[in-house]
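I am opening a notebook on this structure. My plan is to look up a few places and write down what I find.

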Amino acid sequence: MNNPSSAIELAEILCNKKSQSNCESIFQIDLEISRNGVSQLISYLVSQGIYIDRKLIELVKNNKEIKLISYGGVAIPISLDSSINFKGKPFTFLPIGGLVYDIPLHVNGYFRLSNARDNIIYSLTEVEEASESLSKQWNTFISENIIPYFYVKSLEYLKSNYGGELYNYFPYKCNNRNCQGQSPAYDISITTMKSIIGGKYFLNYFNSQEYLPLNGSIIISSSDMPPDFVLTIISERNIKTIKLSNELLNHFKNLGIPLTCYSKQYLCKLLISSPLKQYSEDVINYICCTEIIEGGHLDKVNILPTNPNNTRLDCLKSTQILSFANTNQFLYMGDQVYDLLFGYHGQKIKLSHFITCLKSLRSQFLKENIKTVWDCINELQKNEILELSKIRSIPIVPYRSSPTQTDVTSYDKSSLLMYSLKFLQIEPIFNKLNIYLVKEGHQFNSLLDGKAQISKLLNYLQKVNLSLDSDEIDKLRIFLVESIYQTSLSNADISIFYNLPIHPCIGSSNQKFSSITNNSICVDYQKIDQYEIKGLKLIKINELSKYRNIVDTIPAKQILKVPLNLNVSIEIIKKFLTLYGNHYINDSVLRKLKFIPSENGVYSTPDSFYVLGPLERDLVRNFEPSKILNQSLDDLISYLFKFGLAFKPSDNLICSNVINFLSKQDSIETYKTFMDYINQRGDTIGDSLIGYLKDIPFIPSSEFDTYDGFGSNKSKISLS
């Protein structure tokens, strides 16, 4: 069969006797073109030849009228980037009419053309002729077989001789499905792209010298690139990676091409088969999202750290938090990731179970993870009430070990008070006594009763050794006084306050501070500092006297039971009556107490004294000086009235005692005073009293004249 007599014989000769490589060629051609008066040199890579395939024989056998040779080829501009909007043209050795295709290559083939040679016979009408059907089949054969074949040959040449990305040469933009079977451009695009998919024409993202096939490679989109640390993870595991534009990626998806595209789900699967060797907070923050967590994609991914050094990683398990008692492990993560994880798994955990787990954990471990512990508690509190009694023995309470540092302890093993601004002023004193404040702003403060803090403080203070200097004790006492004044405390708490050895002592007791008991002598004025009272312990309570709710219960009246010298007692009594005169009115013991001094230094009960005017005082001084109130207390008579000072001597009593006194001794001054008293009293002196006085000889001789003829001279005479 040296001279073929038909197209069938020619096709068989080509398929049986010739190799494909002998029927094709590839070369570069440089064309100089002029655009807008500017010359431009464009280089094309031309791949052409006779296509040999068994499909050719089948086509010719079925269509014996075909007389054309299976010739075709492509011309691709060598320098082509994404910024150049190149439009290809179809040729049958010459351009076909004004056709332009949205593909980055020129195509040449033995197409069967319309009579006017302005179109490729491709679309058939309902009244098609047999010749038109034959033409369509032939032209489709060229579009779907010959052109894609020589296009792939061009890519191979470009890859071997030029390198770089080949994506700009892919004819994927002409992808209107409505044109399928109606347009050579579309069929060329689709079939060419399908032939590309199986070859290694996709540049390795991590190796610019290696080309990869789509199948078996991970695809990442240029418009949705994962962060660098994810790319590092993929690169370290030698994953074949291809970067595609979003447009090209969508084209493959529209063709129904199965691709392995990068996603967070893919990263989870990758980290299961090839786990991280060390903790990465970036990975946790990136991978933990609602879709991943709720989809269960983290259940086997070891990315969650379980110790503060981040040397151990674990995966998320729905029962993990409940297993803390056995594993001593927590998960360490940022707030955002924690909220996601706990929001999904926390609903399966009960607060009571979690607290039980905490009790079995080491103190150091809890201290290192205190934020996580309280984050968990806060989440679980949303569905279950947290009781202080349940956690008071667990060392999870952050407190201020100093104004600038914090530590962690348990509530029942330390003296802790809730954080309060009023406590800050004496926090250094608290710290010196091992009493501390809960960390500012911490949620544990909300579990404490603010009204009970002073009572709690008093209980702490009675148990510790108050090893403070004098200034510190004064500050502590004044702080307590202010706090007690503002707080309603029980009598037991007030008693604790009095029993604290923080009250200043004065006098000669050789003791700076003491507690206040029923045997204490309490004074509250500054002048007492000037006196020395041998063997007597006085409690100076200046600031306490400002607050009646405290003073009312102080056993201050004890000072009045102790024999004192006159100078000291007058001062004490004046202060006592001034400050407490309204508080002991009905005190029967105090009424019987001899604490009021007379002007001659004799102490008696308040109701033992006379209420006297000046003349009366001078007269009574002659016969009952112990019943004359010390003149220093005259300003306080209104208070003494309340304690029984209401006894005013009668005229009879004064007159009879004065006359009796004058009858026994001369006293011109007393006599004159008595006369002034009688004259002052005037009509209030009754006739009976005058009758009683007139026969008593009490007028001294110096006050009357006598005659010798009247008898012997007498020293005293009566009114009569």
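I started with Phe-444. This is a predicted model, and I looked up the contacts of Phe-444 beyond its neighbours within four places in sequence.

Next I looked at the nonpolar cores. The largest one has 60 residues. Phe-444 is among those with the most contacts inside it, along with Ile-396, Phe-430 and Leu-480. I also found a second, separate core, of 59 residues. Its members include Ile-120, Tyr-201, Phe-202 and Ile-242.

Then I turned to helix H5, which covers residues 228–236. Which residues of H5 are buried? I noted Val-230, Leu-231, Ile-233 and Ile-234. Seen down the helix axis, these buried residues fall within an arc of 155°, so they line one face of H5. Asp-228 and Glu-236 are exposed on the other side of H5.

I asked what covers the buried residues of H5. The cover includes two strands, E9 (218–221) and E10 (241–244). Helices H7 (264–273) and H8 (281–287) are also part of it. Just after H5, I noted a positive phi of about 55° at Asn-238.

My last entry is on Ser-135. I found Ser-135 in helix H3, residues 130–161. Is Ser-135 buried or exposed? Its relative accessible area is 3%, under the 20% cut-off, so Ser-135 counts as buried. Not counting residues up to four places away in sequence, Ser-135 touches Arg-112 and Ile-121.

Notes: Residues are numbered from 1 along each chain as its sequence is written. This is a predicted model: local features need pLDDT of at least 70, side-chain atom pairs count only at pLDDT 80 or more; totals for chains, interfaces and linings use all residues. Side-chain values use heavy atoms; hydrogens and water are left out. Buried means under 20% relative accessible area, exposed over 50%, partly exposed in between (1.4 Å probe, protein chains only). Helices (H or I, at least four residues) and strands (E, at least two) are DSSP runs, numbered from the N terminus. The arc is that of the directions from the helix axis to the C-beta atoms. Contact means heavy atoms within 4.5 Å. A nonpolar core is a set of buried Ala, Val, Leu, Ile, Met, Phe, Trp, Tyr and Cys residues joined through side-chain atoms within 4.5 Å.
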